[in-house]
Amino acid sequence: MSNDLDIVDKLISLMSSGKYNAHDRLPSENEIADTYEVPRITARKAYERLEEMGYIYKKQGKGSYVKDRYQQIELVLTGDVSFSQKMIEKGYDFQSKTIFCQEIKYNKKIYNYLETTKEDKIFKVGRLRYIDRQPIALHVSYLAKSVFEDIDDAGRDITSMFQYYHSKGYTRFDSKPSVLSVSFPTASQRTLFNCPHLIPLLVLESGCMDKKTGKVLEYLKIYYRSDCFSYVIP
């Protein structure tokens with residue numbers, strides 16, 4: 001007898017093969033239960049998992065439908081143009097909200113990345129990004145007070161890091177090598193993103209340098225809701 005995970009695998013395979021296309025109505029829970037010879041509760045669990053994974057959506061009283069996974073925000077993973085600018089240029093209803101600015105405890109990896117000493121103070125600035133009022137990305141920037149003397153005060157009002165850099169005389173930038181990984185959201189991240197635990201996050205670790213002097217300006221860690229984006233890597 002099939003279980004809910006078997007049904008999830010089979011339905012994903014059918015969607016991938018084109019048997020079910022975007023916005024097609026899927027069989028009812030009763031039909032799934034009959035087809036795979038399982039109790040209706042098993043069929044319901046399978047649909048709940050598919051919804052949590054971002055494959056389907058439900059219409060009240062009408063059933064389950066295939067989600068259009070291709071109507072996603074195209075994101076070019078480069079560090080020479082700000083995320084805000086990219087979203088605004090694409091015409092999205094974009095907003096950015098600073099949710100924290102706080103000093104961190106000594107972290108060897110971050111201090112080394114910023115090429116600073118243990119005596120320096122490092123502040124992290126977190127900005128939650130919204131498209132159509134839905135949170136889709138969290139940008140966490142780490143900056144040294146020795147480079148940005150007012151970061152402890154100014155950080156609370158930064159919505160675009162590149163605009164902040166420009167105000168300090170930095171206008172041309174290079175990216176440090178980036179690392180991509182995937183993680184599942186923690187409880188606090190699920191709350192921030194308003195997403196279920198089965199929606200993975202794409203995590204990008206990178207940094208920004210002043211092109212003229214080579215000075216490291218920022219260590220950056222970005223958490224993207226993976227179901228909201230398609231990614232272009234130049």
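Predicted model: local features only at pLDDT ≥ 70, side-chain atom pairs only at ≥ 80, totals over all residues.
Colleague: By what are two packed helices described?

Modeller: Two packed helices are described by the angle between their axes, together with the distance between those axes. In this model, helix H1 (residues 4-17) packs with helix H3 (residues 40-52) at an angle of about 55°, and their axes are 8 Å apart. That angle makes H1 oblique to H3, since angles of 65 to 115 degrees would count as roughly perpendicular and those under 35 as roughly parallel.

Colleague: Is the crossing of H1 and H3 left-handed or right-handed, and which residues make the contact?

Modeller: The crossing of H1 and H3 is right-handed. On the H1 side the contact is made by Asp4, Leu5, Ile7, Val8, Leu11, Ile12 and Met15, while H3 brings Thr42, Lys45, Ala46, Tyr47, Arg49 and Leu50. Sorted by class, this contact has 9 nonpolar, 1 polar and 3 charged residues.

Colleague: Which residues have the most contacts inside the largest nonpolar core, and which helices and strands each supply at least two residues?

Modeller: The largest nonpolar core has 20 residues, and those with the most contacts inside it are Ile110, Leu114, Ile122, Tyr142, Phe193 and Tyr223. Helix H5 (108-113) and strands E5 (122-131), E6 (134-144), E8 (201-210) and E9 (216-225) each supply at least two residues of this core, with E6 giving the most, 4 residues.

Colleague: What does Leu114 touch, leaving aside residues up to four places away in sequence?

Modeller: Leu114 touches Ile122, Tyr142, Leu143, Ala144, Val216, Leu217, Glu218 and Tyr219. A second, separate core has 18 residues, including Leu11, Met15, Val38 and Tyr47.

Note on methods: Residues numbered from 1 in each chain as written. Heavy atoms only, no water. Core = buried A, V, L, I, M, F, W, Y, C linked by side-chain atoms within 4.5 Å. Buried < 20%, exposed > 50% of the residue type's maximum accessible area, 1.4 Å probe, protein only. Contact = heavy atoms within 4.5 Å. Axes fitted to C-alpha atoms, helices over the stretch in contact; angles between N-to-C directions. Parallel < 35°, antiparallel > 145°, perpendicular 65-115°, else oblique. Left-handed = near helix turned anticlockwise from the far one by under 90°. Nonpolar A, V, L, I, M, F, W, Y, C, P; charged D, E, K, R; others polar.
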